[in-house]
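The sequence and structure are shown first.

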Amino acid sequence: MKIIEIFYSLQGEGFLAGLPSVFVRLAGCPLRCRWCDTKYAWDKEAGRQYSTDEIVHTVEKWPCKFVVITGGEPMVDPDLPQLVRELKAAGKHITIETAGIAYIPDMPCDLMSISPKLSNSVPDEAKLAAIHNDLKLDLAVLGALIDNYNYQLKFVVDSEADLPEIEETLKKLANADREKIMLMPQAATRQGLLAKSPMVAELCKRTGYTFSQRLQVLLWNNERGT
Ligand code: SF4
């Protein structure tokens, strides 16, 4: 598998925020979101080749049960099921961070952390925007992920104007549990996060969705490896 980095930090987002976790960042993502903060993981040929054994061995350097497989977009890597099975056999709790654009059945994944993309993520460049729009929302895939995995749904909110699109998406996902939905400020810097958080907090109070913090931005200003 092509791996960009493996590092130890705190889970920054979602219902498990604050838990010390080992992150395995896979290379490759076709979405190219406008505000992506891991652009260095876009190229599927980036990083270094690891065997799944080698990944598990590296993860085991840290005395930590929680492993987050992220990217890039891990769900498009054909070797992901093998990696998940090996990590599970090593006793790990596994979160997969995904945009929800591909479905893989029967993985022993403990938490599918799905972040469906909205119009606010469309890249500026026309060619990339066309690919992004084509891929970014597949309701059948989202429905299958929700039906078959323990999950959380994290929506990145850039402004209050994003709320109708979130509600519209959720209306089409009748099986989504409102208690598993989170709103998360779009911010790549600590300053940006602090500026946007009160608006997102108000949206959460209004809708009943949960506010997702971004500890990697708050604590380390999104420095790589955090
Ligand atoms: S889906 Fe995630 S990794 Fe891919 S471009 Fe969007 S934010 Fe970046």
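How many cavities of 30 Å³ or more does the count come to? The count comes to 1 cavity.

## Basis of the values

The model is predicted: local features need pLDDT of at least 70, side-chain atom pairs count only at pLDDT 80 or more, and totals for chains, interfaces and linings use all residues. Residues are numbered from 1 along each chain as its sequence is written, and side-chain values use heavy atoms, with hydrogens and water left out.

## Cavity

The largest cavity has a volume of about 40 Å³. On a 1 Å grid over the protein atoms alone, a cavity is a set of points where a 1.4 Å probe fits but cannot get out, and lining residues have an atom within 4 Å of a point. Grid points are joined across faces, edges and corners, and a volume is the space filled by probe spheres set on the points.

Its lining is made of W35, D37, Q186, A187, A188 and R214. By class there are 3 nonpolar, 1 polar and 2 charged residues in this lining (nonpolar: Ala, Val, Leu, Ile, Met, Phe, Trp, Tyr, Cys and Pro; charged: Asp, Glu, Lys and Arg; polar: the others, Gly among them).

The largest pocket has a volume of about 680 Å³ (a pocket is an open set with protein on both sides within 12 Å along at least five of seven lines). It is lined by 36 residues, of which R25, D37, T38, T70 and G71 are the closest to its centre. Two or more lining residues come from each of β1 (2-10), β2 (20-26), β5 (93-98) and β7 (151-157); strands are DSSP runs of E with at least two residues, helices are runs of H or I with at least four, and both are numbered from the N terminus. The lining divides into 13 nonpolar, 12 polar and 11 charged residues.

The second largest pocket holds about 250 Å³ of space. Among its 15 lining residues, A27, G28, K44, V76 and D77 are the closest to the centre. Its lining has 7 nonpolar, 2 polar and 6 charged residues.

## Sheet and helices

An open sheet of mixed pairing is formed by 9 strands in the order β3-β1-β2-β4-β5-β6-β7-β8-β9 (two strands pair if DSSP finds at least two bridges between them). At the edges stand β3 (48-49) and β9 (210-211); each has a single partner strand, so one side of each is left without a neighbour in the sheet. β4 (residues 66-70) pairs with β5 in the parallel sense over 4 bridges, and F66 stands opposite H93 in β5.

Helix α4 (residues 139-148) lies across β6 (111-114) and β7, at about 150° to β6. Helix α6 (residues 190-207) lies across β7, β8 (181-185) and β9, at about 155° to β8. Axes are lines fitted to C-alpha atoms, for helices over the stretch in contact (heavy atoms within 4.5 Å), and angles run from 0 to 180 degrees between N-to-C directions.

## Local features

H132, in helix α3 (residues 126-135), is buried, with a relative accessible area of 0% (buried: under 20%; exposed: over 50%; partly exposed: in between; 1.4 Å probe, protein chains only). Beyond its neighbours within four places in sequence, H132 has contacts that include L31, R32, C33 and K117.

Most residues other than glycine have a negative phi, and most peptide bonds are trans. G71 and G72 are joined by a cis peptide bond with omega of about 10°; G72 is in the loop between β4 and α2 (80-89). D106, in the loop between β5 and β6, has a positive phi of about 60° and is exposed, at 70% relative accessible area.
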